[in-house]
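Here is a quick briefing for anyone meeting this protein for the first time. Have a look at the sequence and the model, then read on.

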Amino acid sequence: MSERGLVQRGGVWHMDRTVELFNPHRKVRLRETTGETTLGAARSVMQRKIKALQQKDAEGEYRRMTLMDGLKKYLDDYSSVHVKNYRDHDLQYRRMNGDVSGHTKFPNKPIDQLIGGDFTSHVATRKREGMANSTINQELAFVSGALTWLAGNHNVRVSFISWKDIRLPIFKKKRWATIEQLKLILSLIENQDEKDLALLLMSTGARLSEDKDIRWSQVSLNEGTIQLYRDKTDNETILALPEDCIAMLTRRYNERRDGDVFVFQSRRRKNQPIHRPRSIDKAIEKSGINDDPVLVKKKGKFTIHSLRDSFASILAQSGEHDLNEIRELLGHTTMTMTKKYAHLIPSEVSRKASATFDAKFTTHM
């Protein structure tokens, strides 16, 4: 007795069916027993086998790729070639993989088993570790971009994840410190390399990656300037330095070791700049600037990046620099990002009102 694709031998039904597959295009012959003695049960077994074979073919080579394998493939094959802030992606990958001290490794699940709850828990973990909302969102963007690329280019099955429900709100009002608070933070930094780096960050308003990665070839001690490459905006800026920074760089130049390429050379890794400046993070926490829970909830935590916001805010409040000058110093390509400091610049109307009040009303105290 026989039926299409099924043959009965010794009372048991056996499969003998050719299935066409497309990844790559080929034909596979199923020849095995169903283990069933009834025709209906044998048909069900054969249909399940064919469906599983077709599903496996549709998912392709990477059907069981884990998240970390997928992120590494995205990093090596796409980010390294197409993304100008590749170093940010590399850092995000290493954080997700548990290679960065102080950051929890993400569970390395198969990609097709990931759900939104995995990332909601991950966000909560990052918040407990003290990571800023914007940094957490960047990490989520790295993952979502990688999954989209893997699905489109390597036929990886990706579950639907509502990223907009997971991302955190960005604090529109940035944290900044006064001159006195900046001096306190500087005094609390125990590591001399990182104290010098913090001074440069406070005095230039540069991003951490821009100042940390400065090479001696970018420094002109005679002219008192540094040449910064703005990796975020892909442009260059020459900044004049205050005397404290010139003195610091002169000292470091005289104390540098043979072969040092970077101003802030790693003590452990050859031809590499220093890694994440943890002493600055600790000094910020010791300064008490994040002790007010109401302020932190409203505007976010003060972080190393807040040194950049402090630089711009102090300039804005001085009334001696307009927005365009601050934009140029920060390396913004448009005024959009710089406008967040506009409310700190005293207006001419306010100046006139203050002068009038001084003239008309005084307590002579």
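Predicted model: local features only at pLDDT ≥ 70, side-chain atom pairs only at ≥ 80, totals over all residues.

Residues are numbered from 1 along each chain as its sequence is written, and side-chain values use heavy atoms, with hydrogens and water left out.

**The whole chain**
- The protein chain has 14 helices and seven strands (DSSP runs numbered from the N terminus: H or I of at least four residues for helices, E of at least two for strands).
- Of its 365 residues, 40% count as buried (under 20% relative accessible area, with exposed being over 50% and partly exposed in between, using a 1.4 Å probe and protein chains only).
- Take the contacts between residues at least 6 apart in sequence: 58% of them join residues at least 24 apart (contact means heavy atoms within 4.5 Å).

- Helix α2 (residues 67–82) packs with α3 at an angle of about 170°, and their axes are 11 Å apart (axes are lines fitted to C-alpha atoms, for helices over the stretch in contact, and angles run from 0 to 180 degrees between N-to-C directions).
- By class, the contact of α2 with α3 has eight nonpolar, three polar and two charged residues (Ala, Val, Leu, Ile, Met, Phe, Trp, Tyr, Cys and Pro are nonpolar, Asp, Glu, Lys and Arg are charged, and the others, Gly among them, are polar).
- The axes of α3 and α5 come within 10 Å and cross at roughly 90°, which makes α3 roughly perpendicular to α5.
- His-89, Gln-92, Tyr-93, Arg-95 and Met-96 of α3 meet Thr-135, Gln-138, Glu-139, Phe-142 and Val-143 of α5.

**Helix α4**
- Helix α4 (residues 116–128) has 13 residues and reaches 19 Å from its first C-alpha to its last, close to the expected 18 Å (1.5 Å times one less than the number of residues).
- Asp-118, Phe-119, His-122, Val-123, Thr-125 and Arg-126 are buried in α4.
- Seen down the axis of α4, the buried residues fall within an arc of 160°, so they line one face of the helix (the arc is that of the directions from the helix axis to the C-beta atoms).
- Their cover includes α3 (86–96) and α5 (133–154).
- Just after α4, Gly-130 takes a positive phi of about 90°.

**Helices α7 and α10**
- α7 is mostly covered, with 10 of its 13 residues buried.
- The axes of α7 (residues 192–204) and α10 (residues 278–286) come within 9 Å and cross at roughly 70°, making α7 roughly perpendicular to α10.
- Glu-194, Leu-197, Ala-198 and Leu-201 of α7 touch Arg-278, Ser-279 and Ile-280 of α10.

**Thr-225**
- Thr-225 is found in strand β6 (residues 225–230) and, at 14% relative accessibility, counts as buried.
- Leaving aside residues up to four places away in sequence, Thr-225 touches Gln-218, Val-219, Ser-220, Ile-238, Leu-239, Ala-240 and Leu-241.

Note on methods:
Parallel < 35°, antiparallel > 145°, perpendicular 65-115°, else oblique.
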